[in-house]
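Open the model in your viewer and keep the sequence panel beside it. The tour below goes from one selection to the next and says what is there.

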Amino acid sequence: MTTGQEWLVDASGCAPERLKDAPALAALFEALVVALDLKVVGQPQWHVFPEPGGITGLALLAESHLAIHTFPEHGFAALNVYCCRTRACPDFTALAARYLGATSCRVRELSRGVEA
């Protein structure tokens, strides 16, 4: 029985300054919320690490969660989206390029659920 789907997104070649910019990451979250028709519960949480670190962000969703961890020193961002209902896969490559300046993007999609 499928109980949801999860996307693991590895964005590389990102612009380091965008990976340290909480408003830019919040804009990416908002784009994903709109694209996937998600409902955010409360306010997203952001933790900014001291230099040269990046940002960790988490949005609790009625449908599950949305998280990002950025590594500006490596030009890398790890994005995780879990939805309890099946949805069409958004264009993560275009979103990562637009909001993070990513030059490459690897997307893995997993079906989550109970094995019989």
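Helices and strands here are DSSP runs, at least four residues (H or I) for a helix and at least two (E) for a strand, numbered from the N terminus. The model is a predicted one.

**The sheet**

Begin by showing the strands. Six of them form an open sheet, and their order across it is β2-β3-β4-β5-β1-β6, with antiparallel pairing. The edges are taken by β2 (45-48) and β6 (104-113); each has a single partner strand, so one side of each is left without a neighbour in the sheet. From one strand to the next, the twist averages 10°.

Now select strand β1, residues 2-12. Which strands does β1 pair with, and over how many bridges? With β5 (residues 76-83) the pairing is antiparallel and runs over seven bridges. With β6 the pairing is also antiparallel, over ten bridges.

- E6 is opposite Y82 of β5.
- V9 has V107 in β6 as its bridge partner.
- D10 is opposite A78 of β5.

**Helix α2**

Next, select residues 22-36, which make up helix α2. The helix lies across β1, β2, β3 (55-61), β4 (64-71) and β5, and runs at about 150° to β4. With 15 residues, α2 reaches 21 Å from its first C-alpha to its last, close to the 21 Å expected at 1.5 Å a residue.

Colour the buried residues of α2: A24, L25, L28, F29, A31, L32, V33 and L36. Then step past the end of the helix to D37, which follows α2 and has a positive phi near 55°. D37 has this positive phi although it is not a glycine. The residue sits in the loop that joins α2 to β2.

**Aromatic pairs**

Show the aromatic side chains. How many aromatic pairs are there? The count is three. In one of them, F29 and W46, the ring centres are 4.8 Å apart and the planes are at 40°, so the pair is tilted. This pair links distant parts of the chain, as F29 belongs to helix α2 and W46 to strand β2, 17 residues apart.

W46, at 28%, is partly exposed.

Move on to F71 and F76. Their ring centres are 6.0 Å apart and their planes are at 40°, so this pair is tilted. F71 has a relative accessible area of 33%, which makes it partly exposed. F76 is at 23% relative accessibility and therefore counts as partly exposed.

**Helix α3**

Select residues 92-100, helix α3, and show the buried residues F92, L95, A96, Y99 and L100. Why do these residues lie on the same side of α3? They cover an arc of only 100° around the axis, and that puts them on the same side of the helix. What covers these buried residues includes β1, α1 (16-19), α2, β5 and β6. Just after α3 comes G101, with a positive phi of about 75°.

**L60 in strand β3**

Go back to the sheet and select L60, which lies in strand β3. Is L60 buried or exposed? Its relative accessibility is 51%, so L60 counts as exposed; the cut-off for exposed is over 50%. Apart from its neighbours within four places in sequence, L60 is in contact with K39, V40 and V41.

**Two backbone details**

Select E51 and P52. The peptide bond from E51 to P52 is cis, and its omega is near 5°. P52 is found in the loop between β2 and β3.

The last stop is S64, in strand β4. S64 has a positive phi of about 145°, although it is not a glycine.

Definitions and conventions. Residues numbered from 1 in each chain as written. Predicted model: local features only at pLDDT ≥ 70, side-chain atom pairs only at ≥ 80, totals over all residues. Heavy atoms only, no water. Pairing = 2+ DSSP bridges. Axes fitted to C-alpha atoms, helices over the stretch in contact; angles between N-to-C directions. Contact = heavy atoms within 4.5 Å. Buried < 20%, exposed > 50% of the residue type's maximum accessible area, 1.4 Å probe, protein only. Arc of directions from axis to C-beta. Phe/Tyr/Trp six-rings, centres within 6.5 Å; stacked < 30°, edge-to-face > 60°. Expected span 1.5 Å × (residues − 1).
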